Amino acid sequence: MLRDFLNLLRITGGGWIYAILILLRCPVDVLFRWTQASFLQRAFNALGQTDRVGLMDACLFFVIATLCSFLYNGTIWLIFAPFCVRMERKLRIKLYNKISTFSYEKVESLPHSEWLTRLNTDVQMPFSQPIHFPHAACSIVNISVSAIILWRLNPSVFGWVILFVVPHIFISQLLIARAMLELNKKSLEATAKNTGELTALITCADIAMLYDGQDYLMKRFEQSSLNLMKTKMKIIRRNSLSAAILPLFGLSGYLVLLIVSSSWIANGHFTFGDLSAAFQYRGGVLVGSLMLINSLISIQASMAGIRRLNKTMLKETEEQLYG
(Lines give C-alpha, C1' and ligand atoms only; values in the text may rest on other atoms or scores of the structure.)
Protein backbone atom coordinates (compact mmCIF):
# COMPACT_ATOMS: atom_id res chain seq x y z
CA MET A 1 0.00 0.00 0.00
CA LEU A 2 2.69 2.49 1.04
CA ARG A 3 4.94 1.32 -1.80
CA ASP A 4 2.26 2.11 -4.39
CA PHE A 5 1.85 5.63 -3.01
CA LEU A 6 5.62 6.20 -2.92
CA ASN A 7 5.87 5.07 -6.54
CA LEU A 8 3.25 7.66 -7.45
CA LEU A 9 5.19 10.35 -5.57
CA ARG A 10 8.36 9.43 -7.47
CA ILE A 11 6.49 9.81 -10.74
CA THR A 12 4.94 13.11 -9.73
CA GLY A 13 7.96 14.57 -7.94
CA GLY A 14 7.95 16.65 -4.79
CA GLY A 15 7.92 13.66 -2.46
CA TRP A 16 10.42 15.23 -0.04
CA ILE A 17 8.39 18.42 0.24
CA TYR A 18 5.25 16.34 0.80
CA ALA A 19 6.95 14.39 3.61
CA ILE A 20 8.31 17.53 5.28
CA LEU A 21 4.88 19.20 5.24
CA ILE A 22 3.31 16.11 6.79
CA LEU A 23 5.96 16.06 9.53
CA LEU A 24 5.30 19.73 10.25
CA ARG A 25 1.54 19.04 10.44
CA CYS A 26 1.82 16.02 12.76
CA PRO A 27 2.25 17.84 16.13
CA VAL A 28 -0.85 20.06 15.70
CA ASP A 29 -3.42 17.64 17.15
CA VAL A 30 -1.11 16.83 20.05
CA LEU A 31 -0.67 20.54 20.80
CA PHE A 32 -4.43 21.09 20.85
CA ARG A 33 -4.94 18.08 23.11
CA TRP A 34 -2.13 19.06 25.50
CA THR A 35 -3.42 22.65 25.69
CA GLN A 36 -6.94 21.55 26.63
CA ALA A 37 -5.76 18.90 29.11
CA SER A 38 -3.31 21.24 30.84
CA PHE A 39 -5.90 23.99 31.09
CA LEU A 40 -8.57 21.72 32.60
CA GLN A 41 -6.14 20.13 35.02
CA ARG A 42 -4.77 23.45 36.25
CA ALA A 43 -8.17 25.16 36.31
CA PHE A 44 -10.02 22.46 38.31
CA ASN A 45 -7.12 22.01 40.72
CA ALA A 46 -7.10 25.79 41.27
CA LEU A 47 -10.85 25.78 41.87
CA GLY A 48 -10.50 22.93 44.36
CA GLN A 49 -7.87 24.91 46.25
CA THR A 50 -9.72 28.26 45.82
CA ASP A 51 -6.61 29.61 44.11
CA ARG A 52 -7.77 32.66 42.13
CA VAL A 53 -4.29 33.51 40.83
CA GLY A 54 -3.75 29.94 39.62
CA LEU A 55 -7.09 30.01 37.81
CA MET A 56 -6.21 33.28 36.05
CA ASP A 57 -2.82 31.87 35.04
CA ALA A 58 -4.52 28.76 33.63
CA CYS A 59 -6.96 30.88 31.58
CA LEU A 60 -4.16 33.11 30.27
CA PHE A 61 -2.10 30.06 29.34
CA PHE A 62 -5.07 28.56 27.48
CA VAL A 63 -5.68 31.72 25.43
CA ILE A 64 -2.04 32.16 24.40
CA ALA A 65 -1.44 28.45 23.67
CA THR A 66 -4.65 28.15 21.64
CA LEU A 67 -3.82 31.21 19.52
CA CYS A 68 -0.31 29.91 18.84
CA SER A 69 -1.62 26.45 17.92
CA PHE A 70 -4.24 27.84 15.51
CA LEU A 71 -1.65 30.16 13.95
CA TYR A 72 0.79 27.31 13.42
CA ASN A 73 -1.90 24.98 12.02
CA GLY A 74 -3.22 27.65 9.65
CA THR A 75 0.27 28.42 8.37
CA ILE A 76 1.01 24.76 7.61
CA TRP A 77 -2.31 24.20 5.82
CA LEU A 78 -1.85 27.45 3.90
CA ILE A 79 1.26 25.89 2.38
CA PHE A 80 0.04 22.29 2.20
CA ALA A 81 -3.30 22.82 0.40
CA PRO A 82 -1.90 24.68 -2.67
CA PHE A 83 0.96 22.19 -2.82
CA CYS A 84 -1.51 19.27 -3.12
CA VAL A 85 -3.39 21.10 -5.88
CA ARG A 86 -0.14 21.57 -7.78
CA MET A 87 0.74 17.90 -7.28
CA GLU A 88 -2.64 16.85 -8.66
CA ARG A 89 -2.21 19.18 -11.65
CA LYS A 90 1.28 17.81 -12.34
CA LEU A 91 0.02 14.21 -12.09
CA ARG A 92 -2.84 14.89 -14.51
CA ILE A 93 -0.46 16.48 -17.05
CA LYS A 94 2.04 13.61 -16.77
CA LEU A 95 -0.75 11.05 -17.14
CA TYR A 96 -2.16 12.84 -20.19
CA ASN A 97 1.29 13.05 -21.79
CA LYS A 98 1.86 9.35 -21.08
CA ILE A 99 -1.44 8.35 -22.66
CA SER A 100 -0.63 10.54 -25.66
CA THR A 101 2.45 8.41 -26.37
CA PHE A 102 0.43 5.21 -26.63
CA SER A 103 -0.41 3.77 -30.00
CA TYR A 104 -3.90 4.06 -31.43
CA GLU A 105 -4.50 0.34 -30.84
CA LYS A 106 -3.60 0.64 -27.16
CA VAL A 107 -5.85 3.64 -26.65
CA GLU A 108 -8.75 1.93 -28.39
CA SER A 109 -8.25 -1.25 -26.38
CA LEU A 110 -10.08 0.46 -23.48
CA PRO A 111 -13.28 2.53 -23.60
CA HIS A 112 -12.90 6.30 -23.70
CA SER A 113 -14.78 6.51 -20.40
CA GLU A 114 -12.01 4.43 -18.81
CA TRP A 115 -9.39 7.03 -19.77
CA LEU A 116 -11.64 9.86 -18.56
CA THR A 117 -12.05 8.10 -15.21
CA ARG A 118 -8.30 7.79 -14.83
CA LEU A 119 -7.69 11.42 -15.76
CA ASN A 120 -10.34 12.68 -13.33
CA THR A 121 -11.43 10.34 -10.52
CA ASP A 122 -8.16 8.41 -10.17
CA VAL A 123 -5.98 11.53 -10.24
CA GLN A 124 -8.02 13.13 -7.44
CA MET A 125 -7.64 10.17 -5.09
CA PRO A 126 -4.03 10.55 -3.86
CA PHE A 127 -4.16 14.27 -2.98
CA SER A 128 -7.80 15.48 -2.84
CA GLN A 129 -9.31 12.96 -0.40
CA PRO A 130 -10.75 14.52 2.79
CA ILE A 131 -8.89 11.91 4.89
CA HIS A 132 -5.68 10.32 3.63
CA PHE A 133 -1.98 9.83 4.45
CA PRO A 134 -1.51 13.23 6.20
CA HIS A 135 -4.34 12.47 8.63
CA ALA A 136 -3.01 8.95 9.23
CA ALA A 137 0.41 10.37 10.17
CA CYS A 138 -1.18 12.96 12.48
CA SER A 139 -3.33 10.33 14.17
CA ILE A 140 -0.33 8.04 14.81
CA VAL A 141 1.55 10.89 16.51
CA ASN A 142 -1.59 11.86 18.46
CA ILE A 143 -2.14 8.29 19.69
CA SER A 144 1.50 7.76 20.65
CA VAL A 145 2.02 11.01 22.57
CA SER A 146 -1.40 10.87 24.28
CA ALA A 147 -0.81 7.26 25.33
CA ILE A 148 2.61 8.09 26.80
CA ILE A 149 1.26 11.07 28.77
CA LEU A 150 -1.74 9.02 29.93
CA TRP A 151 0.55 6.22 31.11
CA ARG A 152 2.66 8.66 33.12
CA LEU A 153 -0.46 10.29 34.55
CA ASN A 154 -2.07 7.05 35.68
CA PRO A 155 -1.20 3.54 34.37
CA SER A 156 -4.59 2.17 35.47
CA VAL A 157 -6.46 4.74 33.40
CA PHE A 158 -4.23 3.90 30.46
CA GLY A 159 -5.09 0.20 30.85
CA TRP A 160 -8.84 0.87 30.85
CA VAL A 161 -8.54 3.08 27.77
CA ILE A 162 -6.55 0.49 25.80
CA LEU A 163 -9.02 -2.22 26.85
CA PHE A 164 -11.75 -0.52 24.79
CA VAL A 165 -9.66 1.02 21.99
CA VAL A 166 -7.85 -2.09 20.75
CA PRO A 167 -11.00 -4.17 20.02
CA HIS A 168 -12.47 -1.17 18.22
CA ILE A 169 -9.46 -0.92 15.88
CA PHE A 170 -9.38 -4.68 15.31
CA ILE A 171 -13.09 -4.98 14.47
CA SER A 172 -13.03 -1.93 12.20
CA GLN A 173 -10.06 -3.26 10.27
CA LEU A 174 -11.54 -6.75 9.99
CA LEU A 175 -15.08 -5.79 8.96
CA ILE A 176 -14.57 -2.53 7.06
CA ALA A 177 -11.06 -1.66 5.89
CA ARG A 178 -10.37 -5.01 4.21
CA ALA A 179 -13.49 -4.82 2.05
CA MET A 180 -13.06 -1.18 0.98
CA LEU A 181 -10.35 -1.85 -1.64
CA GLU A 182 -12.48 -4.29 -3.62
CA LEU A 183 -15.63 -2.19 -3.20
CA ASN A 184 -13.92 0.95 -4.43
CA LYS A 185 -12.42 -0.94 -7.38
CA LYS A 186 -15.91 -2.05 -8.40
CA SER A 187 -17.14 1.53 -7.88
CA LEU A 188 -14.48 2.88 -10.27
CA GLU A 189 -15.40 0.27 -12.87
CA ALA A 190 -19.10 1.11 -12.50
CA THR A 191 -18.30 4.84 -12.78
CA ALA A 192 -16.34 4.29 -15.97
CA LYS A 193 -19.17 2.23 -17.48
CA ASN A 194 -21.77 4.80 -16.47
CA THR A 195 -19.66 7.57 -18.04
CA GLY A 196 -19.42 5.55 -21.25
CA GLU A 197 -23.18 5.06 -21.41
CA LEU A 198 -23.74 8.77 -20.80
CA THR A 199 -21.26 9.65 -23.56
CA ALA A 200 -23.05 7.31 -25.98
CA LEU A 201 -26.40 8.81 -25.00
CA ILE A 202 -25.15 12.31 -25.88
CA THR A 203 -23.00 11.65 -28.95
CA CYS A 204 -25.41 9.21 -30.57
CA ALA A 205 -28.58 11.19 -29.86
CA ASP A 206 -29.19 12.11 -33.52
CA ILE A 207 -28.61 8.55 -34.75
CA ALA A 208 -30.80 7.12 -31.98
CA MET A 209 -33.58 9.54 -32.90
CA LEU A 210 -33.29 8.55 -36.56
CA TYR A 211 -33.50 4.80 -35.86
CA ASP A 212 -35.82 5.05 -32.83
CA GLY A 213 -33.14 3.80 -30.44
CA GLN A 214 -33.54 6.39 -27.68
CA ASP A 215 -35.28 3.97 -25.33
CA TYR A 216 -32.48 1.44 -25.80
CA LEU A 217 -29.78 3.97 -24.89
CA MET A 218 -31.79 5.26 -21.95
CA LYS A 219 -32.29 1.75 -20.57
CA ARG A 220 -28.55 1.05 -20.83
CA PHE A 221 -27.75 4.31 -19.04
CA GLU A 222 -30.41 3.62 -16.41
CA GLN A 223 -29.03 0.13 -15.76
CA SER A 224 -25.45 1.38 -15.43
CA SER A 225 -26.65 4.12 -13.06
CA LEU A 226 -28.45 1.55 -10.91
CA ASN A 227 -25.32 -0.64 -10.80
CA LEU A 228 -23.26 2.39 -9.76
CA MET A 229 -25.79 3.25 -7.04
CA LYS A 230 -25.75 -0.32 -5.69
CA THR A 231 -21.96 -0.30 -5.52
CA LYS A 232 -21.92 3.07 -3.77
CA MET A 233 -24.54 1.86 -1.29
CA LYS A 234 -22.31 -1.04 -0.29
CA ILE A 235 -19.57 1.44 0.57
CA ILE A 236 -22.05 3.59 2.52
CA ARG A 237 -23.25 0.55 4.49
CA ARG A 238 -19.68 -0.25 5.49
CA ASN A 239 -19.12 3.33 6.63
CA SER A 240 -22.41 3.25 8.56
CA LEU A 241 -21.27 0.08 10.31
CA SER A 242 -18.06 1.86 11.31
CA ALA A 243 -20.10 4.76 12.74
CA ALA A 244 -22.31 2.33 14.67
CA ILE A 245 -19.31 0.75 16.41
CA LEU A 246 -18.30 4.11 17.93
CA PRO A 247 -20.96 4.26 20.71
CA LEU A 248 -20.36 0.62 21.59
CA PHE A 249 -16.71 1.09 22.54
CA GLY A 250 -16.35 4.87 22.94
CA LEU A 251 -19.24 5.70 25.28
CA SER A 252 -19.07 2.43 27.21
CA GLY A 253 -15.35 2.98 27.85
CA TYR A 254 -16.10 6.52 29.04
CA LEU A 255 -18.72 5.31 31.54
CA VAL A 256 -16.51 2.52 32.88
CA LEU A 257 -13.59 4.90 33.39
CA LEU A 258 -15.88 7.42 35.12
CA ILE A 259 -17.14 4.76 37.57
CA VAL A 260 -13.67 3.41 38.32
CA SER A 261 -12.06 6.84 38.82
CA SER A 262 -14.81 7.96 41.22
CA SER A 263 -13.43 5.64 43.91
CA TRP A 264 -9.90 6.97 43.36
CA ILE A 265 -11.10 10.55 43.82
CA ALA A 266 -13.07 9.59 46.94
CA ASN A 267 -9.94 8.00 48.47
CA GLY A 268 -7.78 11.01 47.61
CA HIS A 269 -5.56 9.18 45.11
CA PHE A 270 -6.80 11.26 42.19
CA THR A 271 -8.10 14.80 41.73
CA PHE A 272 -10.93 16.01 39.55
CA GLY A 273 -8.43 18.06 37.58
CA ASP A 274 -6.31 14.96 36.93
CA LEU A 275 -9.45 13.10 35.82
CA SER A 276 -10.36 15.93 33.41
CA ALA A 277 -6.86 15.83 31.92
CA ALA A 278 -7.05 12.02 31.68
CA PHE A 279 -10.31 12.27 29.75
CA GLN A 280 -8.66 14.68 27.31
CA TYR A 281 -5.73 12.35 26.69
CA ARG A 282 -8.16 9.45 26.44
CA GLY A 283 -9.89 11.49 23.76
CA GLY A 284 -6.54 11.84 22.01
CA VAL A 285 -6.11 8.07 21.94
CA LEU A 286 -9.73 7.39 20.98
CA VAL A 287 -10.13 10.18 18.40
CA GLY A 288 -6.68 9.41 17.02
CA SER A 289 -7.68 5.75 16.66
CA LEU A 290 -10.91 6.68 14.88
CA MET A 291 -9.01 9.02 12.59
CA LEU A 292 -6.45 6.31 11.88
CA ILE A 293 -9.21 3.79 11.10
CA ASN A 294 -10.99 6.22 8.76
CA SER A 295 -7.68 7.15 7.14
CA LEU A 296 -6.82 3.50 6.54
CA ILE A 297 -10.27 2.91 5.05
CA SER A 298 -9.87 5.95 2.78
CA ILE A 299 -6.36 4.86 1.78
CA GLN A 300 -7.57 1.34 1.05
CA ALA A 301 -10.39 2.77 -1.05
CA SER A 302 -8.02 5.00 -3.03
CA MET A 303 -5.50 2.22 -3.65
CA ALA A 304 -7.52 0.96 -6.61
CA GLY A 305 -7.12 4.30 -8.39
CA ILE A 306 -3.45 4.69 -7.35
CA ARG A 307 -2.56 1.26 -8.68
CA ARG A 308 -4.35 1.99 -11.95
CA LEU A 309 -2.30 5.18 -12.27
CA ASN A 310 0.94 3.32 -11.56
CA LYS A 311 0.07 0.69 -14.15
CA THR A 312 -0.55 3.41 -16.69
CA MET A 313 2.57 5.46 -15.88
CA LEU A 314 5.21 2.76 -15.32
CA LYS A 315 6.72 1.12 -18.39
CA GLU A 316 7.28 -2.24 -16.80
CA THR A 317 3.53 -2.70 -16.22
CA GLU A 318 2.42 -1.40 -19.61
CA GLU A 319 2.39 -4.77 -21.31
CA GLN A 320 0.53 -6.27 -18.37
CA LEU A 321 -2.10 -3.54 -18.62
CA TYR A 322 -2.72 -3.76 -22.37
CA GLY A 323 -1.81 -7.38 -23.02
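Modeller: In α1, L8, L9, I11 and T12 meet M87, K90, L91 and K94 of α4. Contact means heavy atoms within 4.5 Å. By class, the contact of α1 with α4 has 5 nonpolar, 1 polar and 2 charged residues. Ala, Val, Leu, Ile, Met, Phe, Trp, Tyr, Cys and Pro count as nonpolar, Asp, Glu, Lys and Arg as charged, and the others, Gly among them, as polar.

Biologist: What should I know about the source?

Modeller: This is a predicted model: local features need pLDDT of at least 70, side-chain atom pairs count only at pLDDT 80 or more, and totals for chains, interfaces and linings use all residues. Residues are numbered from 1 along each chain as its sequence is written, and side-chain values use heavy atoms, with hydrogens and water left out.

Biologist: At what angle do α1 and α4 pack?

Modeller: About 80°, with the axes of α1 and α4 9 Å apart. Axes are lines fitted to C-alpha atoms, for helices over the stretch in contact, and angles run from 0 to 180 degrees between N-to-C directions. The two helices, α1 and α4, are therefore roughly perpendicular, a label for 65 to 115 degrees.

Biologist: Which residues of α1 are buried?

Modeller: D4, F5, L8, L9, I11 and T12. Buried means under 20% relative accessible area, exposed over 50% (1.4 Å probe, protein chains only). Those buried residues fall within an arc of 160° seen down the axis of α1, so they line one face of the helix. The arc is that of the directions from the helix axis to the C-beta atoms. On the other side of α1, R3 and R10 are exposed.

Biologist: And L8, what does it touch?

Modeller: L91, P126, I306, L309 and N310, not counting residues up to four places away in sequence. L8 has a relative accessible area of 0%.

Biologist: New topic. Where is S146 found?

Modeller: In helix α7, residues 133-153. S146 is buried, at 2% relative accessible area.

Biologist: Which backbone oxygen does its side chain reach?

Modeller: The side chain of S146 reaches that of N142, at 2.8 Å.

Biologist: What else does S146 touch, beyond four places in sequence?

Modeller: R33, Y281, G284 and V285.

Key
Helices (H or I, at least four residues) and strands (E, at least two) are DSSP runs, numbered from the N terminus. A polar contact is a pair of N or O atoms within 3.5 Å; within protein, one must be able to donate a hydrogen and the other to accept it, and residues adjacent in sequence count only if both atoms are side-chain atoms. Angles under 35 degrees count as roughly parallel, over 145 as roughly antiparallel, 65 to 115 as roughly perpendicular and the rest as oblique.
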